[in-house]
Amino acid sequence: MKFTSLALAVTTLVLSGCAFNVSPYGASVKNVESIKSTSIKPVAVAKFQSVKPGQASIACRAAGSVTVVPSFESYIEKALIDELKLAGVYNPNSNITLSGKLEEIDFSSGITDGKWLFALTVSNSRNESFTVKSTFPFSGSFVADKACQEVAQAFGLAVQKLIEDIVSKPEIQADCKLNRM
């Protein structure tokens, strides 16, 4: 009887799957203000690419996967567009177009701390580019479920930090200040 109950519990767990879902992006007031202060011209954003196209989850310990909709590169693209819109400098018809290629995305979920890691190459329509490497630390946990939930909860903040790192680069400010296309 005990074996049957245990088998049923394990089967239910395996079939239901454990996913730690990332929340929709929330824009950063700090990023919006930073974008406004750069006096950049309105820009368009092209579809972001990734070295792992369409990747939408990363396994977290043995507890399940941290999952984003629809994919990591699309989430970051939409987040950048949201920030640019709120700053009043997004124009899908602009001849200044930014694009991105997600070169690396990963996280660690340690017992005492964790971090998100990004490497994103940002390009303009003149084929000029630069790479931003961004790290966002957060708290960890000994308990796998708690640690993986912390990873999912930190993702939006990590993307805010990534966008902050992009906006603070002198290259982005130079690329977008003049309508040189």
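1. Which residue just after α2 takes a positive phi? In this predicted model, that residue is S39, which lies just after α2 and has a phi of about 55 degrees.

2. At the other end of the helix, where α2 starts, a side-chain oxygen of S28 comes to within 3.3 Å of the backbone nitrogen of K30.

3. Within helix α2, which spans residues 29-37, the residues N31, V32 and I35 are buried. They lie on the same side of α2, because the arc they cover around the axis is only 100 degrees. The buried residues of this helix pack against α3 (72-87) and α4, while V29, K30 and S37 are exposed on the other side of α2.

4. K146 pairs with E150, their closest N and O atoms being 2.7 Å apart, and the two residues stand four apart in α4, about one turn of the helix. K146 is partly exposed, with a relative accessible area of 47%, whereas E150 is buried at 13%.

5. K161 likewise forms a salt bridge with D165, with 2.9 Å between the closest N and O atoms; because they are four residues apart in helix α4, about one helical turn separates them. K161 is partly exposed at 26% relative accessibility, and D165 is buried at 15%.

6. A further salt bridge joins the side chains of R126 and E128, at 3.0 Å from N to O.

7. On the surface, I111, F142 and V143 make up a nonpolar patch with about 350 Å² of accessible area together. V143 belongs to the loop between β8 (129-139) and α4 (144-167).

Key: Residues numbered from 1 in each chain as written. Predicted model: local features only at pLDDT ≥ 70, side-chain atom pairs only at ≥ 80, totals over all residues. Heavy atoms only, no water. Patch = residues over 30% accessible without salt bridge, like charges linked within 9 Å, V, L, I, M, F, W, Y side chains within 5 Å. Areas by Shrake-Rupley, 256 points an atom, 1.4 Å probe, with all protein chains shown as cover. Salt bridge = Lys/Arg side-chain N within 4 Å of Asp/Glu carboxyl O. Buried < 20%, exposed > 50% of the residue type's maximum accessible area, 1.4 Å probe, protein only. Arc of directions from axis to C-beta. Contact = heavy atoms within 4.5 Å. Polar contact = N/O pair within 3.5 Å; in protein donor to acceptor, adjacent residues only side chain to side chain.
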